[in-house]
Amino acid sequence: MVDYLASTYCNKRYKLNLFQPVMRVPFEKLKAEFKRVLLSIGVSAYKAEQCAAIFAANSRDGVYTHGLNRFPSFVQTIKEGLFKPDVEPVMENSLGAIEQWNGNFGLGMLNATACMARAIGLAEVNGIGCVAIKYTNHWMRGGTYGLQAADAGYIGICFTNTIANLPPWGGLDPRLGNNPLVIAVPRQEGHVLLDMAISQYSVGKLMESRAQGKELLIPGGYDTAGNLSTDAEAVLTSRRMLPIGFWKGSGLSLMLDLLATLLSGGKPTMQISEHEKEWGVSQVFICLKTDAQQNEQMINQILDYTKSSRTLEGGGVSYPGENMLKTRLRNLKEGIPVDENIWAQVLGM
């Protein structure tokens with residue numbers, strides 16, 4: 001199924017309309033192909049089903065960089081033996097409402113799902129639950145696990161450290177991880193979901209812009225000459241992404257690495273970065289018990305007040321996760337837009 005979407009880019013210098021043909025694939029077809037490929041490389045039926053559902057849901061919700069676009073590299077990492085599909089995470093230490101787990105270098109998405117499920121169980125008993133896991137792997141889209149908590153009626157908070165790909169403020173060399181932070185608040189009309197990288201643009205977004213030949217809306221980092229740049233290729237080459245909030249984002253990244261490492265007893269960004277590829281990361285999943293139904297009115301009042309702001313010409317105000325919900329509904333109705341080259345690659349696996 002092919003339609004024509006207009007994507008508009010505008011910055012201070014010029015406005016450009018790009019009309020590109022976009023292939024769309026139904027959600028169930030995308031999921032079925034992911035599962036087929038995973039089964040073909042020895043992943044069990046149960047785990048293949050779970051992973052395929054997460055990858056397809058990521059693309060469904062508009063997070064294409066962690067859906068179809070990331071799937072071929074995920075498969076390759078399994079083939080290389082860095083992600084181990086036949087192991088399970090285990091609890092190593094219990095401190096009441098806090099538990100420490102070992103992911104045994106298993107599939108990061110499934111380790112994360114298990115940890116958030118356990119955090120929900122702890123929160124049901126204690127009001128709060130915290131599960132920290134070491135020796136796990138990329139969880140793909142962190143918002144998946146915030147939504148998991150919100151779907152169960154709980155507030156979810158989670159974060160992970162990563163390989164060093166962000167320079168500390170005032171530095172030139174990558175020494176910090178672009179450590180994603182996720183906060184989800186349950187809401188009947190659609191959960192509020194903050195899912196953000198610590199850089200102005202995630203690595204996935206930079207790679208997507210590079211592949212599409214699109215200039216960044218605002219500077220995403222520095223080029224090799226030390227100049228702020230809207231060229232994704234230049235930023236990726238220099239490996240000097242711009243942290244959100246400048247020095248504040250730099251400090252937040254450092255603190256998230258400290259918390260993930262200390263709570264889990266796992267590897268910090270420093271040790272993760274000793275390898276060319278990212279594996280064996282540390283993650284934290286926190287769950288808070290709340291009366292979602294009782295809080296619904298207050299949540300809506302806060303969102304309505306926020307959205308009541310006057311807006312810039314041609315602009316608008318949305319709460320975190322609002323546009324994701326709109327994208328989900330459209331993609332379920334019309335099919336999920338896919339990169340034709342990557343889709344062909346998956347079909348050929």
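Modeller: What follows takes cysteines, cores, salt bridges and the sheet in turn. Keep in mind that this is a predicted model.

Colleague: How do you know how many disulfides to count?

Modeller: A disulfide needs two cysteine sulfur atoms within 2.5 Å. The count by that rule is zero.

Colleague: Is Cys51 buried or exposed, and how do you know?

Modeller: Buried means under 20% relative accessible area. Cys51 has 0% relative accessibility, so Cys51 counts as buried. Cys115 also has 0% relative accessibility, and therefore counts as buried.

Colleague: On to the cores. What makes up the largest nonpolar core?

Modeller: The largest nonpolar core has 60 residues. The residues with the most contacts inside it are Phe34, Leu38, Phe71, Phe74, Tyr145 and Phe285. Helix H4, residues 108–126, gives the largest share, nine residues.

Colleague: Why would such residues gather at all?

Modeller: Nonpolar side chains in soluble globular proteins tend to be buried together.

Colleague: What does Phe71 contact, setting aside neighbours within four places in sequence?

Modeller: Contact requires heavy atoms within 4.5 Å. On that basis Phe71 is in contact with Phe34, Val37, Leu38, Phe55, Val346 and Met349.

Colleague: Which residues belong to the second core?

Modeller: The second core is separate and has 19 residues, including Leu216, Val235, Ile244 and Ile286.

Colleague: Now the charges. Why is the Glu49 and Lys31 pair called a salt bridge?

Modeller: The cut-off is 4 Å between a side-chain nitrogen of Lys or Arg and a carboxyl oxygen of Asp or Glu. The closest N and O atoms of Glu49 and Lys31 are 2.7 Å apart. Glu49 is in helix H2 (residues 45–60) and Lys31 in helix H1 (residues 27–40), 18 residues apart.

Colleague: What makes Glu88 and Lys47 a link between parts of the chain?

Modeller: Their side chains meet in a salt bridge at 3.1 Å, N to O. Glu88 lies in the loop between helix H3 (71–79) and strand S3 (90–94), and Lys47 lies in helix H2, so the pair ties together parts 41 residues apart in sequence. Lys47 has a relative accessible area of 9%, so Lys47 is buried.

Colleague: How do you know that Glu322 and Lys307 qualify?

Modeller: The N to O value is 3.0 Å, and the limit is 4 Å. Glu322 is in helix H11 (residues 322–334) and Lys307 in helix H10 (residues 292–307), so this pair ties together parts 15 residues apart in sequence. Glu322 is buried at 11%, and Lys307 is partly exposed at 33%.

Colleague: How many salt bridges does the structure hold, and which residues join into one network?

Modeller: The structure holds 19 salt bridges. Salt bridges with shared partners join Arg60, Asp61, Arg141 and Arg328 into one network.

Colleague: Last, the sheet. What is its strand order?

Modeller: Seven strands form an open sheet, in the order S3-S4-S5-S13-S6-S9-S10, with mixed pairing. The twist averages 15° from one strand to the next.

Colleague: Why do S3 and S10 stand at the edges?

Modeller: S3 and strand S10 (192–196) each have a single partner strand, so one side of each is left without a neighbour in the sheet.

Colleague: How do you know that S5 and S13 pair?

Modeller: Pairing needs at least two bridges. Strand S5 (residues 128–136) and strand S13 (residues 281–289) have seven, in the antiparallel sense. Gly129 has Cys287 as its bridge partner in S13, and Thr136 stands opposite Val281. S6 and S13 also run antiparallel, joined by seven bridges. There, Tyr154 has Lys289 as its bridge partner.

Colleague: What makes you call S13 mostly covered?

Modeller: Seven of the nine residues in S13 are buried. Helix H8 (residues 247–264) lies across several strands, S13 among them, and runs at about 90° to S13.

Conventions:
Residues numbered from 1 in each chain as written. Predicted model: local features only at pLDDT ≥ 70, side-chain atom pairs only at ≥ 80, totals over all residues. Heavy atoms only, no water. Buried < 20%, exposed > 50% of the residue type's maximum accessible area, 1.4 Å probe, protein only. Core = buried A, V, L, I, M, F, W, Y, C linked by side-chain atoms within 4.5 Å. Helix = DSSP H or I, 4+ residues; strand = E, 2+ residues; numbered from the N terminus. Axes fitted to C-alpha atoms, helices over the stretch in contact; angles between N-to-C directions.
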